[in-house]
Amino acid sequence: MDILECDLQWQIKRYKQLIEITETLHSSLDVENLLGELCVILKELYPDSSFSLLLSQDTYSHNELPIIELEYDSENIAAIKAYGSGELQFEYSATGDHAIIYAPLKGKQVTYGVLQVVSAAADEFDEFEVEFICLLASAAGCSLENAYLYQQSRQEIANLQFINETSHCLNSNLRLVDTMSYMSEKIISSIDAQEVGFFLFTNEHAKVKILPGSTPYFYTPQAKFYIDYLKGKIEREKNPLFIGDFNLQNIKNTPRFHSILAVPMIHSEKLKGFSIVMHQKPYFFSFDTFKLLQSLIHHSSLALTNSMLREELEHMIITDHLTKLYSRKFLDERIQGSMKESGEGTFILLDIDNFKEINDTYGHQVGDQVLVQVAKLIKNNIRGEDIGARWGGEELALYLPGVRLDKGAAVAERLVKKIAESSVPHITVSCGVSYWNKEQDDAYSYLFKRADEALYIAKGTGKNKVVIQKQSIRVC
């Protein structure tokens with residue numbers, strides 16, 4: 001067999017290998033698996049040569065595979081030229097003992113990287129082998145394109161399903177705290193964020209309110225630097241922010257967050273607030289992640305606004321518009337619920353002494369101001385779980401769930417003293433106090449009746465005092 005015939009058979013064998021390789025590469029639609037398969041094939045084809053895959057958009061972890069991110073500011077001019085022109089490039093060593101081939105991994109749409117093969121000898125690759133490498137790189141480029149497009153389409157479908165499911169859940173009449181907590185959990189789980197915050201503009205954008213669902217970090221003093229900076233940029237630019245490596249000089253002795261996404265919350269063309277997503281690693285979030293977050297915030301803005309409006313309406317229904325205390329109806333419901341579920345509680349009925357004289361002397365506007373003063377003193381002197389309400393006219397009421405009679409009476413006495421000391425114009429109040437516990441048969445109507453009787457006695461025996469009724473009436 002002569003040399004020409006041997007070369008021909010060798011070439012036929014190589015082409016058969018190329019067909020098998022192409023079929024193998026096109027059978028995989030997972031980018032990471034495909035790259036691993038390509039490296040195995042290259043090692044078998046060129047056991048005496050070294051090779052690398054220089055990829056332009058590599059976001060995977062490849063362990064020991066010879067895969068390098070293609071950097072545009074690299075000194076490897078030949079690799080950049082092969083990538084940019086889509087044409088094969090050669091490079092020879094200064095000593096002339098080896099050659100380097102740069103073959104673009106080119107698909108039909110774009111070039112995805114460059115295959116770099118370093119020969120053991122400068123003359124190792126003849127014309128046929130160079131053509132073979134070109135065809136192999138082309139097959140690899142087309143396979144990569146198919147895999148990327150397949151995975152992108154799957155990701156797009158997953159994102160649409162995610163947004164649809166989230167929108168459906170958010171629009172199912174959730175309360176604000178549930179809406180924002182759900183959003184936060186979804187963002188953390190879907191894009192692996194470390195911190196997620198939601199902020200609502202108040203007082204004509206002078207300040208922002210941190211919404212429930214935000215991670216605890218945003219309630220710390222260190223987070224204020226990030227919040228203030230991003231708030232300013234959102235207000236000025238009114239555009240989403242994609243920051244890959246953020247450095248804020250004022251932050252000290254705290255973890256630094258380099259990767260930041262900030263998306264404005266806009267409803268009816270008005271800027272309502274914004275969201276912040278952060279991670280400590282630089283360039284952690286991809287642009288696809290950024291687009292997903294934008295879509296999520298856009299679709300959730302209506303649900304957020306609806307939740308806020310619904311809670312504002314509910315608050316208006318259960319709140320007295322003048323004093324901002326709860327309504328009598330709300331207090332009635334809470335006391336009746338407490339008497340079914342709790343073990344004890346104290347009820348205080350409070351009446352402003354000589355209120356008609358105040359209205360006659362100063363006018364009804366001052367009378368309203370007096371009611372507001374007393375309401376503020378009540379709110380400032382009770383716990384978060386206690387309930388202050390406007391009972392009717394100049395009568396106010398407090399319910400202290402789980403509080404013994406002696407402690408409830410002490411609260412009433414403290415209020416009587418504070419109101420007498422700090423009110424302008426000077427006023428006094430009288431209080432009637434009643435108590436219940438689960439060891440005795442009782443009812444809400446009797447609880448109120450005892451407090452009302454005690455208040456009547458307080459008003460009739462000098463006013464500016466507390467009268468307690470349990471089984472018998474006692475004056476304090």
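Two residues are in contact when they have heavy atoms within 4.5 Å of each other. What you have here is a predicted model, so local features need pLDDT of at least 70 and side-chain atom pairs count only at pLDDT 80 or more, while totals for chains, interfaces and linings use all residues. Residues are numbered from 1 along each chain as its sequence is written, and side-chain values use heavy atoms, with hydrogens and water left out.

**Overall make-up**

- The protein has 12 helices and 16 strands; these are DSSP runs numbered from the N terminus, with helices being H or I of at least four residues and strands being E of at least two.
- Of the 476 residues, 46% are buried. Buried means under 20% relative accessible area, exposed means over 50%, and partly exposed is in between, using a 1.4 Å probe and protein chains only.

**Aromatic rings**

- Searching the whole structure turns up 16 aromatic pairs. Rings of Phe, Tyr and Trp (its six-membered ring) pair if their centres lie within 6.5 Å; planes under 30 degrees apart are stacked, over 60 edge-to-face, and the rest tilted.
- Phe199 and Phe274 are a stacked pair, because their ring centres are 5.1 Å apart and their planes sit at 25 degrees. This pair bridges distant parts of the chain: Phe199 is in strand 6 (residues 195-202) and Phe274 is in strand 10 (residues 270-279), 75 residues apart.
- Phe199 is buried at a relative accessible area of 0%, and Phe274 is buried at 0% too.
- Tyr226 and Phe257 go edge-to-face, since their centres are 5.9 Å apart with the planes at 80 degrees. Tyr226 belongs to helix 6 (residues 223-237) and Phe257 to the loop between strand 8 (241-243) and strand 9 (259-267), so this pair ties together parts 31 residues apart in sequence.
- Tyr226 is buried, with 2% relative accessibility, and Phe257 is buried with a relative accessible area of 2%.
- For a charge over a ring, look at Arg328, which lies over the face of Phe448 at 5.6 Å from the ring centre. The cut-off here is NZ of Lys or CZ of Arg within 6 Å of the ring centre and within 35 degrees of the ring normal.

**Two buried residues to look at**

- Thr346 sits in strand 11 (residues 344-352) and is buried, at 0% relative accessibility.
- A polar atom of the Thr346 side chain lies 2.9 Å from the backbone oxygen of Val403.
- Beyond its neighbours within four places in sequence, Thr346 is in contact with residues including Leu398, Tyr399, Leu400, Val403, Val433 and Tyr435.
- Leu38 is part of helix 2 (residues 31-45) and is buried, with a relative accessible area of 2%.
- Not counting residues up to four places away in sequence, Leu38 touches Leu25, Leu53 and Ala140. From Leu38 to Ala137 it is 99 residues in sequence but 9.8 Å in space, C-alpha to C-alpha.

- The whole structure holds one cavity of 30 Å³ or more. On a 1 Å grid over the protein atoms alone, a cavity is a set of points where a 1.4 Å probe fits but cannot get out, and lining residues have an atom within 4 Å of a point.
- The largest cavity has a volume of about 30 Å³, where volume is the space filled by probe spheres set on the points, which are joined across faces, edges and corners.
- Its lining is made of Phe242, Ile243, Gly244, Ser259, Ile260, Leu261, Tyr283, Phe284 and Phe285. Strand 9 gives the largest share of that lining, three residues.

- Most residues other than glycine have a negative phi, and most peptide bonds are trans.
- Val424 and Pro425 are joined by a cis peptide bond, with omega about -5 degrees; Pro425 is in the loop between helix 11 (405-422) and strand 14 (429-437).
- Lys463 has a positive phi, near 65 degrees, and lies in the loop between helix 12 (444-460) and strand 15 (466-469). Lys463 is partly exposed, at 27% relative accessibility.
- Asn464 has a positive phi as well, near 50 degrees, in the loop between helix 12 and strand 15. Asn464 is partly exposed at 35% relative accessibility.

Terms used: A polar contact is a pair of N or O atoms within 3.5 Å; within protein, one must be able to donate a hydrogen and the other to accept it, and residues adjacent in sequence count only if both atoms are side-chain atoms. On a 1 Å grid over the protein atoms alone, a cavity is a set of points where a 1.4 Å probe fits but cannot get out, and a pocket is an open set with protein on both sides within 12 Å along at least five of seven lines; lining residues have an atom within 4 Å of a point.
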